[in-house]
Amino acid sequence: MSSTLPSNPRPPRKTPEQLRSYRWYGVNDLRSFGHRSRTAQMGYHPSDYMGKPVIAVVNTWSELNSCHTHFKQRVEEVKRGVWQAGGFPVEMPVMTLAEPFQKPTTMLYRNFLAMETEELLKSYQFDGCVLMGGCDKTTPGLLMGAISMNLPTIFLPAGPMLRGNWNGRTLGSGSDTWKYWAELRAGKITEEEWKGIESGIARSPGHCMTMGTASTMTTATESLGLTLPGFSSIPAVDSRHAQFASLTGQRIVEMVWTDQKPSDILTAKSFDNAVTTVLSMSGSTNAIVHLVAVARRAGIDLTTARFDELARITPVLANLRPAGKYLMEDFFYAGGLRALLVELGSLIDGTQMTVSGATLGENIAGAEIFDEDVIRKRANPVVERDGLAVLTGNLAPDGAVIKPAAMEQHLLKARGPAVVFKDYADMAARIDSEDLDITEQSVIVLQHAGPVGAPGMPEWGQLPIPQKLLKQGVRDMVRISDARMSGTSYGACVLHVAPESFVGGPLALVKDGDMIELDVPGRRLHLDVSDEELAARKQAWKAPKRPFERGFGVMHQLHVTQANKGCDFDFLEEPVTKSSEAETGTAAAASAQRDEPEIH
């Protein structure tokens with residue numbers, strides 16, 4: 001990992017008069033008088049900001065976001081770097097999305113954060129921004145808003161927490177929660193042991209240290225080129241994390257002067273790099289819905305089919321839970337993301353530009369693997385391909401997602417009768433009933449858990465195995481829903497079924513006893529019911545009442561797209577194109593010009 005910024009010939013630089021903030025501070029009119037006098041009210045002298053880049057430090061810290069508890073300190077380190085580089089930093093709080101606490105799901109509010117970020121950057125005098133995130137939905141939400149605004153942008157990842165520990169056993173957040181919860185329900189561990197696990201599984205600031213959604217999205221962001229090289233691998237409490245926070249503050253000032261924007265970095269090839277990175281780490285299934293949404297904000301047509309194309313040629317090299325053995329702290333010591341990208345070789349396009357001012361290839365040059373069991377060589381992968389897989393069929397016409405590396409392999413091809421739950425409450429009420437007609441060959445189906453119906457597509461997709469089957473030793477079985485699941489989860493869970501059941505997708509038509517076939521190698525999810533019978537069921541289907549009657553929820557249910565389109569709001573996406581990277585970059589630039597507020 002390099003601790004210095006790459007050195008390249010400087011591109012053309014802006015003059016102070018060309019700064020966006022100059023219109024607020026630099027001109028001699030009544031409104032600028034008000035801006036300067038009110039800035040003086042806060043204790044700043046004109047020499048602090050006049051003619052200098054004004055940098056928004058967009059902070060998702062709150063007292064209920066356990067992943068970001070260190071951000072109060074990190075924001076000061078970012079500001080220090082901005083000051084050192086001759087900029088004027090301004091901390092701007094935005095909505096916090098705290099994965100363990102916010103209900104019904106942070107996914108409901110990802111687009112809220114994206115809108116707030118875009119409007120914040122649009123309506124104030126900022127020349128560039130540092131995005132501070134990490135906990136699952138904060139990363140895509142911040143990126144989506146900043147990409148739409150298209151100011152110089154750099155992302156600061158929260159970093160993973162330290163390894164968990166209980167009675168000499170290494171614990172991974174999420175993954176071991178589900179594992180030991182099943183053991184508790186099966187009567188294999190005691191309540192006292194469960195409490196011991198509770199106290200030892202999350203023992204420092206930082207996001208999940210498994211290859212969950214948080215680490216998946218921060219590593220993808222680095223591969224996209226929006227984070228300083230090596231930053232996403234550093235544990236949250238490591239002193240090098242603080243150092244990189246200051247370097248991030250320094251770098252954003254230079255990015256403003258050279259006008260390096262997301263549209264100058266994001267291309268179809270850079271998104272391929274991000275997808276390949278996710279697949280090589282057997283990353284979270286959530287990465288599909290998030291990266292599709294982020295790409296569409298940049299006008300780039302990233303499809304679920306492209307994920308599957310790349311999955312077929314990408315080996316899983318990161319031996320990380322839940323698909324593997326180790327945790328993110330081990331990954332950092334083993335060489336981190338830079339070493340992994342070097343090992344991927346020709347699967348990564350090193351010519352893509354990054355926020356460092358250098359290409360991705362230049363950023364990772366010289367990185368080494370220090371533990372070949374944590375980061376595998378391509379000749380010895382964890383699995384040879386299919387870190388994720390996209391399924392289609394009459395049960396999921398627009399696709400569904402599964403993580404083959406994190407399921408019991410005998411279930412890759414399976415067929416069984418459906419046991420259907422109409423919603424989460426129905427499942428919670430009946431799943432552990434001794435009277436439930438279910439065997440380990442059954443296929444559990446959960447309806448009304450998608451973007452509109454749940455509401456917000458919660459992480460309900462790792463459907464619980466009935467207690468009576470747990471006691472028989474069953475630890476995995478086929479489960480299907482239009483929900484998501486935590487990136488820390490595992491099992492033969494088919495997710496993101498689109499269209500969702502709540503809007504009349506085929507999942508809504510499944511009945512108890514219907515035979516369902518899962519064929520992961522063949523990428524097939526099939527409901528063994530005739531087309532005529534499905535048509536008759538659809539004719540009899542009645543649309544349920546929508547869950548919201550007021551507020552943001554109404555906006556969500558009227559405008560959210562389906563999972564295969566990224567679950568963004570239809571009025572916020574850029575028109576997507578399959579054209580060249582130059583044309584897609586122009587789309588984002590045009591968006592920023594169109595949306596620039598008029599200043600009177």
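1. Let's start with strand S1, residues 54–59, which is mostly covered: six of its six residues are buried. That goes for both faces, with Val54, Ala56 and Val58 buried on one side and Ile55, Val57 and Asn59 buried on the other. Keep in mind throughout that this is a predicted model.

2. What sits on either side of S1 in the pairing? Strand S2 (residues 88–93) runs parallel to S1 and is joined to it by six bridges. If you want a pair to click on, valine 54 has phenylalanine 88 of S2 as its bridge partner. To get from S1 to S2 the chain goes through helix H4 (residues 71–84), and this β-α-β crossover is right-handed. The other partner is strand S3 (residues 128–133), again parallel to S1, with five bridges between them.

3. Now the whole sheet. Four strands make up an open sheet, in the order S2-S1-S3-S4, and the pairing is parallel. S2 and strand S4 (153–157) are the edge strands, each pairing on one side only. On average, neighbouring strands of this sheet are turned by 20° against each other, direction ignored. The S3–S4 pairing is parallel and uses five bridges; valine 130, for instance, has isoleucine 154 in S4 as its bridge partner.

4. H10 lies across S1, S3 and S4, and it runs at about 175° to S4.

5. On annotation: UniProt, in an unreviewed entry, places the feature "domain: Dihydroxy-acid/6-phosphogluconate dehydratase N-terminal" at residues 52–363. Over residues 52–363 the chain is 47% helix and 9% strand, with the end C-alpha atoms 28 Å apart. The unreviewed UniProt entry also places "domain: Dihydroxy-acid/6-phosphogluconate dehydratase C-terminal" at residues 373–567. For residues 373–567 the figures are 15% helix and 20% strand, and the end C-alpha atoms lie 36 Å apart.

6. There is also a helix pair to check. Helix H11 (residues 268–280) and helix H15 (residues 336–344) pack with their axes 11 Å apart, at an angle of about 100°. H11 and H15 are therefore roughly perpendicular to each other. On the H11 side the contact is made by Thr276, Thr277 and Ser280, and on the H15 side by Leu337, Leu340, Leu341 and Leu344.

7. Further along, look at the hairpin that joins strand S7 to S8 through two residues. S7 (residues 389–393) pairs with S8 in the antiparallel sense, over four bridges. Glycine 393 has alanine 396 of S8 as its bridge partner. Is S8 (residues 396–402) enclosed or open? Five of its seven residues are buried, so S8 is largely enclosed by the rest of the structure.

8. Two cis peptide bonds deserve a look if you plan to handle the backbone. One runs from lysine 103 to proline 104, with omega near 5°, and proline 104 is in the loop between S2 and H5. Another joins alanine 454 and proline 455, where omega is about 5°. Proline 455 is in the loop between strand S10 (443–446) and helix H18 (467–470).

9. Glutamate 99 is also in the loop between S2 and helix H5 (107–123). Leaving out residues up to four places away in sequence, glutamate 99 touches Thr106, Cys135, Asp136, Lys137 and Glu459.

10. Next, positive phi values. Asparagine 167 has phi near 50°, positive in a residue other than glycine, and lies in the loop between strand S5 (164–166) and strand S6 (169–171). Aspartate 386 is not a glycine either, yet its phi is positive at about 65°; its loop is between helix H16 (360–364) and S7. Which of these is buried and which exposed? Asparagine 167 counts as exposed at 63% relative accessibility, while aspartate 386 is buried, with a relative accessible area of 11%.

11. Last one: glutamine 557, found in helix H20 (residues 552–559). At 7% relative accessibility, glutamine 557 counts as buried. Not counting residues up to four places away in sequence, glutamine 557 touches Val452, Arg546, Pro547 and Phe548.

Key: Residues numbered from 1 in each chain as written. Predicted model: local features only at pLDDT ≥ 70, side-chain atom pairs only at ≥ 80, totals over all residues. Heavy atoms only, no water. Buried < 20%, exposed > 50% of the residue type's maximum accessible area, 1.4 Å probe, protein only. Pairing = 2+ DSSP bridges. Right-handed = clockwise from strand over helix to strand, strands pointing away. UniProt positions renumbered as here; feature names shortened; annotations may be inferred. Axes fitted to C-alpha atoms, helices over the stretch in contact; angles between N-to-C directions. Contact = heavy atoms within 4.5 Å. Parallel < 35°, antiparallel > 145°, perpendicular 65-115°, else oblique.
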